[in-house]
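Here are some notes to read beside the model, written for someone opening it for the first time. Take the points in order and keep the view open as you go.

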Amino acid sequence: MRQPYVVRKVSKRTGATRYTGMYYDRTETPRSAGTYDNELEALTAARREQNRRESGVLGEMTLAQRRAMTFEEFWPVFQRHHRVEPNTMQTYFGTWINHVRPYLKADRVATIDSARAIQYFTWLAEAGQTVNTRRSCRTVLSAMIALSIRLGYRSDNPVRGLNVGKQSAHKNIKVINETVFWELCDKLPLPTQRLFAEYIISSGVRFCEAISFQEGDLDYDTGMLKVCRSTVEVAQQFHPTGGRFVTRPYTKNGEHRRFKIGRPLVEKIRAHVQEHGLKTDDLIFPVRLFKPDTAWVNLPRCTEEEMQAAAKTGFISPVTGARVTHTKVSTYRKHGCRCGPCVQAFRDYRSAYRVQAMARKGKVARQRVRRDGNDYLASSEWSTMWIPARRAVGVDITPYQLRHSHASLLLAHGVPLPDVQARLGHHDLTSTTHYVWALAEESEAAATTMNVLLGYEAKQPDPQEAMLARMERMMNRMQAMIDPPLARRIAAESSTSRPDLHLVTDTLTAMQIPTGN
């Protein structure tokens with residue numbers, strides 16, 4: 001723990017000198033212990049506050065100190081000792097800073113009661129906060145009070161179970177079919193990007209599970225995929241070692257799962273691994289493979305025919321008065337042409353020059369790659385690749401909704417609900433049934449029935465009933481064509497060996513004509 005110190009402040013208006021005692025809390029954040037006229041008094045106050053934080057974490061404070069602790073003073077204790085995932089604590093921190101601290105930072109943890117809690121949530125509602133925000137505030141506040149109960153600061157939790165309003169309805173599940181998906185893939189510029197999107201929609205894994213996919217998780221012979229880890233991105237202050245990504249040896253629901261994927265996708269992943277020389281425990285989709293060798297590949301590019309046609313045309317330079325042609329670097333730099341072919345030629349030249357410069361230094365250059373040493377793909381980076389493709393196709397679907405599309409496509413084609421639940425990794429079958437409701441929303445059966453009942457449309461005959469009606473008409477025509485006495489005489493000649501006689505007999509029986517046998 002870092003030592004307390006004193007900050008000297010001089011008033012610009014009066015010229016007086018005052019001293020502020022500073023100490024560090026459990027998160028190594030500097031805090032003020034108050035401003036005093038004497039430097040020794042300020043340092044003593046800072047040391048007293050820091051000693052109180054260090055000794056009071058495990059409930060060693062006196063009863064008076066516990067009753068005097070405010071929520072703002074208790075937050076460092078809660079942040080250090082409340083056992084949740086780093087990304088969950090990051091969410092808690094955002095709720096605390098934005099919605100809890102502005103209202104309750106000066107309230108004491110030991111004395112807050114139900115009336116004060118109800119008043120707080122009334123303030124949130126009057127401030128226009130949504131029900132989901134109020135539920136998040138209740139979760140954070142209840143967790144803080146629950147920890148204070150365990151540390152002996154109080155004995156009851158007035159926030160738990162408090163009504164904060166009716167829960168908001170779930171957002172509608174948006175899905176795409178296989179045709180739209182392949183159109184989206186065609187708009188992604190790199191093969192790794194297309195394979196990553198295909199892997200998500202084919203397996204239905206979450207994004208945090210997809211970026212954790214390692215060599216060795218897929219059995220190429222049987223096609224069995226093992227989903228056994230997940231990676232989340234957190235701020236540095238919430239990371240256990242100050243990093244950026246936290247990899248957990250389990251999935252979101254805390255378990256592992258195994259299922260089979262299609263042979264074509266297995267072969268594509270195998271070829272991807274061999275092409276890039278990935279070894280066991282290497283990431284299948286590292287971020288460096290999502291970044292192009294040239295920084296301009298994600299921008300609109302001219303076709304080869306357009307570049308050749310532009311190279312055959314020219315114009316009079318406004319700088320030199322000479323006639324120059326397009327698709328040259330000098331045309332862009334010296335003569336100021338900003339047409340598409342000239343801009344593309346200049347960009348490609350700059351990218352190639354940078355690669356060569358790095359090669360002369362013995363390094364491999366790859367443009368726009370993260371330099372923090374992490375090889376995981378961030379969700380924001382994937383969105384920058386996905387959103388242009390989505391806009392080009394004209395559909396409004398997020399990367400996570402590829403997982404929704406996976407489940408909906410399976411259910412629409414008759415895959416049993418428990419099988420879909422096992423692939424998605426849902427604990428409860430209720431979560432999987434949301435996709436059934438999504439399919440029911442798009443069903444036209446009810447709307448078609450109402451159109452028929454109201455006379456907007458003619459009723460379409462049932463296929464089975466239509467087939468039976470056609471068979472009945474055929475039998476009536478056959479009965480009208482065959483003379484009954486003749487048919488009985490032919491059937492009575494059983495002594496004549498005819499291999500097709502049973503066909504006549506079966507037809508007469510179906511038409512209810514006696515054969516005489």
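1. At what angle do helix H3 and helix H6 pack, and how far apart are their axes? Helix H3 (residues 71-81) packs against helix H6 (residues 131-150) at about 85°, and their axes are 10 Å apart. H3 and H6 are therefore roughly perpendicular to each other, a label that covers angles of 65 to 115 degrees, with under 35 degrees counted as roughly parallel, over 145 as roughly antiparallel and the rest as oblique. Axes here are lines fitted to C-alpha atoms, for helices over the stretch in contact, and the angles run from 0 to 180 degrees between N-to-C directions.

2. Before going further, a word on what you are looking at. This is a predicted model, in which local features need pLDDT of at least 70 and side-chain atom pairs count only at pLDDT 80 or more, while totals for chains, interfaces and linings use all residues. Residues are numbered from 1 along each chain as its sequence is written, and side-chain values use heavy atoms, leaving out hydrogens and water.

3. From H3, the contact (heavy atoms within 4.5 Å) is made by Phe71, Phe74, Trp75, Val77, Phe78 and His81. H6 contributes Val140, Leu141, Ala143, Met144, Ile145, Leu147 and Ser148. By class, the contact of H3 with H6 has 11 nonpolar residues, two polar ones and no charged ones. Nonpolar here means Ala, Val, Leu, Ile, Met, Phe, Trp, Tyr, Cys and Pro; charged means Asp, Glu, Lys and Arg; the others, Gly among them, are polar.

4. For the overall picture, the chain has 21 helices and nine strands. Both are DSSP runs numbered from the N terminus, helices being H or I with at least four residues and strands E with at least two. Of its 517 residues, 38% count as buried; buried is under 20% relative accessible area, exposed is over 50% and partly exposed lies in between, with a 1.4 Å probe and protein chains only. Among contacts between residues at least 6 apart in sequence, 55% join residues at least 24 apart.

5. The axes of helix H8 (residues 191-203) and helix H15 (residues 401-412) come within 7 Å and cross at roughly 45°. That makes H8 oblique to H15. The contact is made by Ala197, Ile200, Ile201, Ser202 and Ser203 on the H8 side, and by Leu402, Arg403, Ser405 and His406 on the H15 side. These residues divide into four nonpolar, four polar and one charged.

6. Lys268 is partly exposed at 39% relative accessible area, whereas Glu198 is buried at 10%.

7. How many salt bridges are there by this rule? The count comes to 13. One of them joins Arg116 and Asp107, 2.6 Å from N to O, and Asp107 is buried at 15% relative accessibility. Another joins Arg270 and Glu267, whose closest N and O atoms are 3.3 Å apart. Arg270 and Glu267 both lie in helix H10, three residues apart, about one turn of the helix. Arg270 is partly exposed at 25%, and so is Glu267 at 34%.

8. Stay with H10 for Val273, which lies in this helix and is buried at 7% relative accessibility. Leaving aside neighbours within four places in sequence, Val273 is in contact with Glu215, Tyr220, Leu278 and Ile284.

9. Lastly, look at the backbone of two loop residues. Most residues other than glycine have a negative phi. Asp281, which is not a glycine, has a positive phi of about 75°; Asp281 is found in the loop between H10 and helix H11 (304-311) and is exposed at 55%. Thr327 also has a positive phi, near 65°, and is found in the loop between strand S9 (323-325) and helix H12 (329-333).

Technical notes
Salt bridge = Lys/Arg side-chain N within 4 Å of Asp/Glu carboxyl O.
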